[in-house]
Structure formats: structure tokens, C-alpha cells
Amino acid sequence: MIIPQHVGPIDMVAVIPYIAIICVLAFVLLLVPGLVWIERVVVALIQDRLGPNRVGPRGLLQSIADGVKLFFKEDILPANVDKMVYYLAPVLVIVPALAAGAAIPFSIVKIRLDSGVVEPIPMVVGNVNIGILFILALTSLQVYGIVLAGWASNNKYSLIGGLRSSAQVISYELAMSLAILCGVFICHSLNLVDIVNHQGGYWFGIIPKWNVFQFYGLGAVATIIYLIAMTAETNRAPFDLPEAESELVAGFHTEYSSMKFAIFFMGEYASMLVVSGIATALWFGGWQPLFPFLAFIPGWIWFIGKLMTFIMIYIWVRATLPRLRYDALMSLGWKKLLPMALVVLFLVALVDTLQTPSQPVGSHVAQGHLAASMVIGESQR
Amino acid sequence: MTESTPNDTNDTEPKECIEVRKIREAHPDAILEVNEFRGDTRITIKKEYIPDVIRLMRDDQELDFNFFSECLGVDYLDAQEGGYILGKDHRFEVVYNLYSLPDKRAGRGRNRRIFIKAAIPEDDCSVASVTDIYPGANYPEREIYDMFGITFTGHPDLRRILMSDDWIGHPQRKDYPLGGERVQFPDGKFGPSVGEGVVQHPGESFFGKTASVIEKS
Amino acid sequence: MGRGLAILNWSLIGFWIMAIISVCSAVLMIANRNPVRSALFLVLGFMMQALLYLSMSAQFIAAVQIIVYAGAIMVLFLFVIMLLNIGSPEALRERGGLQAPAAIVLAIVFLLLLAGVGALGGSQINHLMNPSVIPNYGTVDAIGKTIFDPSKPWLFPFEATSILLLIGVVGAITLAKRRL
Amino acid sequence: MALNSDQLNTPSLNADGIQIDPIEDSKMVINMGPHHPSTHGVLRIVLELDGEVIIKATPHMGFVHTGIEKEGEYQTYLKAVTLTDRMDYVSASLNNMAYTLAVEKLLGVEPPPRGQYLRVIMCELQRIASHMVWLGTHALDIGAMTMFFFTFRDREKLLDLTEMMSGVRMMPSWIVPGGLRGDAPEGYVERVKKVIDELPRRFDEYEILIDQNPIWRERTQGIGVIAPEECYSLGVSGPTLRGSGVPHDLRKAAPYSSYDHFKFEIPVGEYGDVYDRYRIRMAEMRQSREIVKQALENLPDGPVNVDDRKIVPPPREELDHSMEAVIHHFKIWTEGMHPPVGEAYAPIEGPKGELGFYLVSNGSSYPWRMHERPPSFMNLQALSKMCEGRLIADVVAIIGSIDIILGEIDR
Amino acid sequence: MPAVPTSYYLGLSGVLFTIGMIGVLIKRNPIVIFMCIELMLNAVNLSFIASGRHFGHMAGQMMVIFVMAIAAAEVAIGLGIIVAIFRTKETINIDEINLLKY
């Protein structure tokens, strides 16, 4: 479908970022109740039980009912809490998650410019040249919401949950950043639109040139590291230690009720969506179709389809695996994932340098060193 | 069971099981009564000898009662008639249930159970704790203390275990008042009670109006 | 844009907003008794500085500012505050004395000094309103090429810094671990 | 908390006016429970933590104390059976069994073989059901929530069997002094066969889910280790004791209710950790199924109750034409049975360990003293020992592996 | 686009540096003092970047990268020392940490 540049008085090229903002916000905020429903239904299927089936057809309205219930619940403020921090924390959880969605391109539209040239315009809120860094910066801010929620609740379970959670997020962020840097190396860009565009095309006309298939399997290893790290980063099972209900009641949001609790909940699901979106864009070709003959399906359907696949993996893993213990979680992050990611990054840089001898070696070395220095900088925490 | 061959009970000196014999050897005047019933042996001993006898039971290679099954309290007070039932001359007994657990791997144990009973008079409601011999006596002794008010000297942590800390009285004593719980019925009257009128129930256990009633009784 | 409105251009308005917020957050940081709140105000200040860097087209530095300062260093601060349980304001009572007035006097002297230096040497600076622009200024590409350009003096300090960081890691572990 | 020197002299007070102790090297006290999701009821554990490492774990119980032992002294021997159901409510039949055996020991009677076999069937089915509850909740604590739904789904079928026998799903009270309340209904044997034929597949399903799972192994292996000697002196019995490598099972050591007729094995652990206890209970479920199978195959015909009208009321049809039967019926339901003076302790191998009832009879129709030896209560004493030096996450694994039922601990 | 004069940035930098300095001088809590030092470092960073932009030279941004790396190392070590002191002394009041005084 090709859209002309000017529909009436509206310049489509200029309008696209605003459409993208609406799409991202609507997608994330509307999909969260849907996700809850999907999760409950899928988990129920796996667990051989019925799942939600009371409110609406097949329980479809269940999450809306839950939302309404939460909205009208009493907003409890525990005694002796630091009010400012206590109210700030849920905001700090959801805002970075939503903001990080701004850098994820989720589709492409073809626009016939007035000059007659058909130009593919990516659907992304902010097509910034440091998109990946932007996302990393925002995900690194997510820890504040958790740690402050834990501290401000004036509850030991919350405090332990908050500390655990932040330590976990920090440790897995390293592996995640390194895995992302592998993708950056493969595509030679920090801009996610460039990264997705780079993944177009097919080997032998059938195997998509997605990053996950690139670099002789190194892309796949990096992808696996990223997927593990993203599960831990979003505090989902089997890494859901901060809110391990059997140990810490509900972790950092034990003392939160009503809409503040709902915001934490939405933040969790929103960050699930965002990291899945990054995975899709970075490793699985974003809006690029799986096979060339499936190109007639619109890009956004491909994107959402891939994204939902990750959500399904999330749910499946949650229903299957027991929870890791905290020290095992840390040692997995620091002793296994991080060294593995470093090795993969090194190999990726090596392969990249060997593959493109025409380019000055310096720039790759530069990237490698920068990556290393960022990693070391982060490992200080 | 194999050691205690049944003998003529009329005999003034019946053939005793090995446990009784061992106790008699070590502490000639400890045993008050030996009771055989349905194959179980119950040895009532003076309470001063409890730690020594229990330790003997555990440490003696021939006895080898390695497993501390439990201990429990019994109150023999006849609350209606006064006096003690079954002709006892002590009100409480603490029954130590010891088991010689057969462990084929370690080659230990005789698969034999023995009940050592400590006779505890009402006016000296205490007995030495055996927690240093069997750490497992910790909770049961606390429960006996809670339920019967028998104090265990030397117990590391003698607190109430099942009832709340501010509870008054020891509920499993036979003279503990029953009923009379202050339940508000629709017509404004209080619920059924024992004896005449409303007996204030120790369920209202915070030291206050009911404490004096219970402490008097 | 008219000449009279030049003083009110958007960059300048943005600068003033960011500047005021960062100064206010800095003041609140030192005025606050609760270390957690101090840390939060400092984070706010860092964010503002990241925005200031962006306004000076130093995108990479801005991103690194958030990742390293806000995402790493301040979280570490919060961690230590919470672990040592000195988050409550009563934990440390600031004692008065001559220190605070003396500090403020010193600060005023220092500011005056700075202003004096600015007045003496700032005349040349003020003339150059528009910075010279080089292509790709501030991007990752430019920074990487600058650092690793053998003709420029940055490569050796950069490597030395990485060793310093390594020493820092080892030192932190040595200090924190009760028994190695 | 950092304190100035002048603050140390005047201890600071919090908002409630309660004195705050200066914290010794970041020690933290946490109340786990009584409203904690993984204490399996209303158990409260006071944990003293150094970071996340436990220095000391002190259980506090009694939140669901209902005074069953005291109440038992005011019920006739027959009526007190219903009280015993409420102790270990996930395996009520075994409580009935232990109590009944104690009463029968006092009375000196033993039910006929069919009664004993049916008792064994009921008990072993309930043992499987109890282990299923344990497995589901234990796995849920460790985070494998699917297991919970699987085990409860299958437990329903076992509860259906109990319902078919007794009309009640959880609290059958079907095993009574003298035998059973009634014979098995039509089709019971076939239905039990059908259910137990399906069980091995279910057990396999559970094992596929978690047995080889590295996370599960990492969470359970080497955690909560307890040595056999410690078990002995603490009075720890049941799967916990067997997990430490002691092949002790009262069904073998002191067979009751014709357990000596059945072939089964005592699974034994090696290291005494949480994983061993898990393996043992899994193996025990299979062994229990074997016992049920053998009992069904060899189920003898004949009466289920002892032929003593002072213990077992006469059958309903006799009341129509026999005055003697009416008198016996009246006497047994109003006055109850009169065991001789004496004391009896009858232990059985419960799902949690040695489950015994100590009865003191003064010759009346009420027990003078009724006492249960609650296996969970004694096993809980090992908790503190197992938890020391471990993490909070291990505490839930350890509590789960001890398999406590608060109804039994608090009674 | 008219840019903000470099002197504005330098002035802001000076003000922030001074506030940080006051904080260092009057605070007792070493963690807050540390935070003030971070603020001072940031003020310096700001002036570096402003100067770099002013002269169109990458050196300003280079220096900022080094300052950040060193700040990270410094914080790790510094906080490690604070935690170690707290463990042994049970206090982190800067006035009471005077072990070297005697």
C-alpha cells in the first residue's frame, strides 16, 4: 500500500511520528489488559484448567473488570513512609518502559512523495541515531522505580525485594547490553531503523538475513543471551525473585495497592512488550517477513506476530520452570552470561573485522573499545 | 518385647524387662511402679531421676533408645470428686516415649518402645528438662508447660507454644474451667456456662477483669 | 526572527529551564537531610545535564551520562544508603557550628573569583556565539575515530583508564568482601 | 543504623515509642508469616538475617490451636474419631487409623482381614493424596506453579474415591474402633483400580516436569541437610528421616493392620537434603500405589468389623427384630464403649512421619487423656537446624520438604 | 539556529561547582559528600563540553569520557571504603572517622 504524501492538507511524512506515538502508547497500554488475559488463558491451557471464564465471552473482559476493581480500591498509604518517594516509584517504573518504546520501529509505510519518488518511511516515534543507547539509558533508569518502591514502603520484605530486584536488573543489564552490542556490530549502526533495514534480504532466496542467523551462529548465541537477560531484566519467571510470592510476599510492591499497584503491573507488562520489541527489531528482522513470498503481509503484522511469539515464550517459561534461587541467579548473570557475552562480542568483532577489510580497522576497534569501556563502567555498580 | 518374658504376676519378684533391671542397677530407689499393658512397658520413676534415667536409656549400649519419640503430660486429678484417679499419689505424669529405632545400615536399635513416666506432685510442679539429652524434647516440653503448667528446669526456651503468650491458666489441667465463653446472643444474654451464672472465660486473657477469677480457681 | 526576540529564542529558553532545574536540584540535594532524597535530586540534576549535553550536540556523552551516572553510579549510592540503613533523616544529625557560614562565605568568595576570571578573560569567549561545526560532531562514530586515531593523544589515556577501572573493580571487591 | 555517641547513650525511640536496638552488623529480623504464602498455613517464623543469610530461625505456632486434645477428653471413644480428622486434614484417614489402632489396643481387638485391607486401601490412597498436596505446594513455593495444578487435578480423583467410600471428601471418619463404618460400596474396587492404573502416568508427568530440571535440582540439592543422628535426637521421622538414609518405616518395623501382607520397599535417601526428601516422597507414592494394588487383588471377603456388640453397633436390619440389638445400638451410641483401665500408644507411619495416639483410659467411656504425637510438630524442630546459614529462598524449600500441616502442629 | 552562548554554560558550571563545594564543606554524611563531589565533577564536565563545542574540538568530549570513567572507579572504591568503615566503626559520621588523628 502506497500512501501519497499529502492527504488533504496533512503532510504524511511529518505526521508519521505522531501516528507512531499514538500507536505505541495505544499498543502498550491497551495490550496490557489483553496480555494479562492471554497469559491467564495460555497458562490455564498448559496447566490443564479452565482459566478466566466468568466475565464476558471466554473471560475476555476479566482484565477490564480487574482494572475497574483496582481503580476503585482504597489507596492505602502505609504508616511512616516517605510519601514523595512512595508516590514517585510507580511512575519511575512505567515511564522508562513506555519511553523506551519510542525508539523501536515497528513498521514501514511507503509514501509517494510529491516528487513522485516512493520513499519507505519507518514508523517510529524518534528515529534517533543513538536509538540503542537511548534504550539502554532508559532501561538503566528502570531500576530506580523498583529500588525506591522497596525502600519507600518501609517494609522489610519490600526492601529486600527492591534490593534483589535492582541487583538483578543491574547484573543482567550488562549481559543484555553486550548482546545488543553484538547486534550493533552486525549492522554497523546504533539506529534501530538502520538495523532493521540491514536485515532485509535473503540467503538463497529463502533464509532471511536476520541478525539471529548472521555471523555463523554467533548471532544466535547473542540472541539467546539477550533473551535470557531480557527475561531477567523484566523480573519474569524464572527470574521473578523480587516478587517471589513464596519468599518475599510480593517483593517491592507488597505495600502498594489500588492504582499504584496496577501501575507496577502495567509497567511489568509494558517492559515485557518493549524488550520483546527490541528483540524483534534487533534479532528477528523487525517488520521484515520471514519468507519472501510472505511479503504481502503488512510489516506491522509481522512485527506484532514476532513480538507476541516472545510473549508466548515468556508465558510458557513461566508455566514450566521453577524459580531460581537468588545466588544462583547472580552467578548465572555474572559467571555465565557475562563472560559468554564478552566472548561472543569479541568473536563478533573479529568476524566483522575480517569480513570487511576495506574499511579502516580503526572504527571497529573503536567500537570494541567503547563497548568494553562501557561494560567496565557498568560493572562498577 | 522379646526381653520381657511374661511371667506369673503373683510372683513377688517378677522377671523384669531389661530396662527395669538396668534402672534398678543404676538407681535402686528410682522406680515407683512398673506397668505392663498390651505389650508396652511403662516405668514410673521419681522425677529427680528423670535426666539420669533418660540418659541411661540413650547411652546404654544394650538399651540403645536412640530415638526420642515424644513426651506428653497427663493430669490425674479428678476434678469432680477431688483426689486422684486410679489410686495415684501424684497429680501429674510426664510420659517420655522413647524408641529404639532399628537402623539396619548402622546396625543399631532393637525396635523396642519404652515409656518412662515421671511422677510429678501438684505442689512441686517441675521436672528437669531432657533437652540436653534429646534436643527433640524442646517443643513437647514447651507444650506440656503450656498445657499443664509443669515447668522444666534447664529448658532453654520455656515459653508457651500453642496458647498465646498472655493466656491465663493451663488448659489441659482437669480443673481448668470449661464453657462460659462470653458470646453475645441476640437477646442480649450470655451463652451457656458451667455452674451458676456466667463464668468468666479465660478466653479474655489479657490481664484484667478475668484474671482474678482464674487465678483464684 | 526579529532581533529583539533573539534573546528569547527557544534554545535559550530551554537552557534557562534546564539550568534552573539543575541549580535547584543541586541546592535541594545539599539542603535535604534524607540521603535518599538527596540522591534523587542529584539524579534529576544529572538528567538535566544530559539534556544540556544534548543541546550541545554531544549525544553520545548525553547517553553515557545517563547510563553511567544516573543508571550506575547513583544506583550504587542508593544501594549503599539502603544497605547501611542510613536512609532515615534522624540517622545523621548535622551539627551546626561555624562550618556552614564559613562554607557559604568561602563559596561566595569562590564565585566572585570565578566571575572575576570570567570578566577578565571572558570577553573573547562571549564574542564567539556560534560554535564552529564539524560534521558528525558528538556522534559515536566521531568519538570512536577521535579516540583511536593514532595521531591524536587519546589512545594511551584511554587504555590507562581501562586499567584504572579494572583496578577499581578489584579494589571494590577486596573492600566489600569480608573474607576472600 | 548509624548512631552518634550521644545517641548511643539515649537510645532512640521510634514513632510508637518502642526502643530501637542498635543493629549489630546489619542484622535484620524478619517475620515470616503468619500470613506468609509459603508457610503452609499460619506458621510464623522469626528469621534473623545477616543480609539474606539466616542466622537463626525460630518457629512460632499455635495460631490454629483448637484444643482437640482437650476436646477429645469430652467425647466418647467413637465420637472422638471425627476430631482426629481435623488434625492432619490432608490425610484424615491416617489420623483415624492411628487413633483407632490406639483404641483397639486398649480394647485388645483387631478387625477382620477385609476391614484391615480396606483400611490399608483408604490410608494408602490418602497417603498419595497427602503427598500430592505436598508436592504441589512444595513446587509452588519453589516457583513451579504448574505442578500445583497437576497434583491437585489428580488429587481430586483420589478424593472422589474417598467420597465414594465415605460420602465425604476430606474428613471421612470412616475408620472407627472395631473396623470401618461400613463396607466398600458396589464398584469401589473397580473404580480404585481404574484410578490407580492411571497414577503411574501422572507420576511420570510430575517427574518429567521437575525431576531433571536443573533449576529444581539447584534449588533442592544440598539444601536443608540433616544427619540421621540429628533426626534421632530431634524425634524427626518419616520421609525426612528416610531422606537421611535410615530405612525405617513403621509399616515394616512394627506392622499394623496387616501391612506385613504386602510387598513394598522403603525408599531411602543418601544425602538427607531437600531433593532426597522429594525423591523419597515420589517413590513412596509409587510404593503406596503398589500396596493399594496388592490389597485390591487380595481383598478378602467377609465382615469388615469385629463381632463384638460392645464395640461395633449392630447392623441396621437387626434392629427391626432383635431387642438385644436395639439395646446394644442404644448403648453404643449414647454411652460408648468401655475399654479397660490402661494406657496405649499406637504409632503408624503417617505421610509426615510417626503418627501415634496416646490414650489413657480410666475405664469410663471417655478417654482420660487423648494425645497425638504429631509428626509435623516434631519434624518442625529440625527446621532451625536445617535453615542456619542458608538463604531465605531455601527456607521455603526446607519448609516444603518437611511437609508440615499446621492443623496437626497446633491441634 | 542561534545557539546559547558558551559563557552561559560556563556560568552554570561555576554555580553547580560552588554548590557542590558548599555541600562538601557542610555535610557530615560521607555519602552525601561523595554525591557533592560527583556534582562538582559534573559541573566540570559541563564546562568541558561547552568549551569543546566552543572551539569545535573533540578534546572536551574526550575529557568527559575520562572523567566519567574515573568517577565510576572512584565511586566504587569510595563506597567500598564507606561500607568497610561502617562495618568496623558502626558509624559513618565524618567527624567521628578520625582514626588517623591520633
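In what order do the strands of the open sheet in chain A stand? The order is S1-S4-S5, in a sheet of 3 strands with mixed pairing. This is a predicted model: local features need pLDDT of at least 70, side-chain atom pairs count only at pLDDT 80 or more, and totals for chains, interfaces and linings use all residues. Residues are numbered from 1 along each chain as its sequence is written, chains are lettered from A and ligands numbered from 1 in the order in which they are written, and side-chain values use heavy atoms, with hydrogens and water left out.

**Sheet in chain A**

- Strand S1 (2–4) and strand S5 (118–123) of chain A are the edge strands, and each pairs on one side only.
- Strands count as paired if DSSP finds at least two bridges between them. Helices (H or I, at least four residues) and strands (E, at least two) are DSSP runs, numbered from the N terminus.
- Strand S4 (residues 107–112) of chain A runs antiparallel to S5(A), with 6 bridges. A:Ile111 has A:Glu119 in S5(A) as its bridge partner.
- Helix H1 (residues 12–46) of chain A packs on this sheet and touches S1, S4 and S5 of chain A. The direction of helix H1 makes about 25° with that of S5(A).
- Axes are lines fitted to C-alpha atoms, for helices over the stretch in contact; angles run from 0 to 180 degrees between N-to-C directions.

**Sheet in chain D**

- Chain D has an open sheet of 3 strands, in the order S6-S7-S8, with antiparallel pairing.
- Strand S6 (342–349) and strand S8 (367–373) of chain D each have a single partner strand, so one side of each is left without a neighbour in the sheet.
- From one strand to the next, the twist averages 10°.
- S6(D) pairs with strand S7 (residues 354–361) of chain D over 8 bridges, in the antiparallel sense. D:Ala346 stands opposite D:Phe357 in S7(D).

**Interface of chains C and E**

- Contact (heavy atoms within 4.5 Å) joins 78 residues of chain C to 73 residues of chain E.
- About 7000 Å² is buried between chain C and chain E, and carbon and sulfur atoms give 76% of that area. Buried area is the accessible area (1.4 Å probe) that two parts lose on being put together, summed over both.
- C:Ile30, C:Met56 and C:Phe77 supply 10% of the area that chain C buries against chain E, more than any other three residues.
- A salt bridge is a side-chain nitrogen of Lys or Arg within 4 Å of a carboxyl oxygen of Asp or Glu.

**Salt bridges**

- Over all chains, the whole structure has 57 salt bridges.
- In one of them, B:Asp60 and B:Lys22 meet through their side chains at 3.2 Å, N to O.
- This pair links distant parts of the chain, 38 residues apart. B:Asp60 is in the loop between helix H2 (50–59) and strand S3 (67–75) of chain B, and B:Lys22 is in helix H1 (residues 18–26) of chain B.
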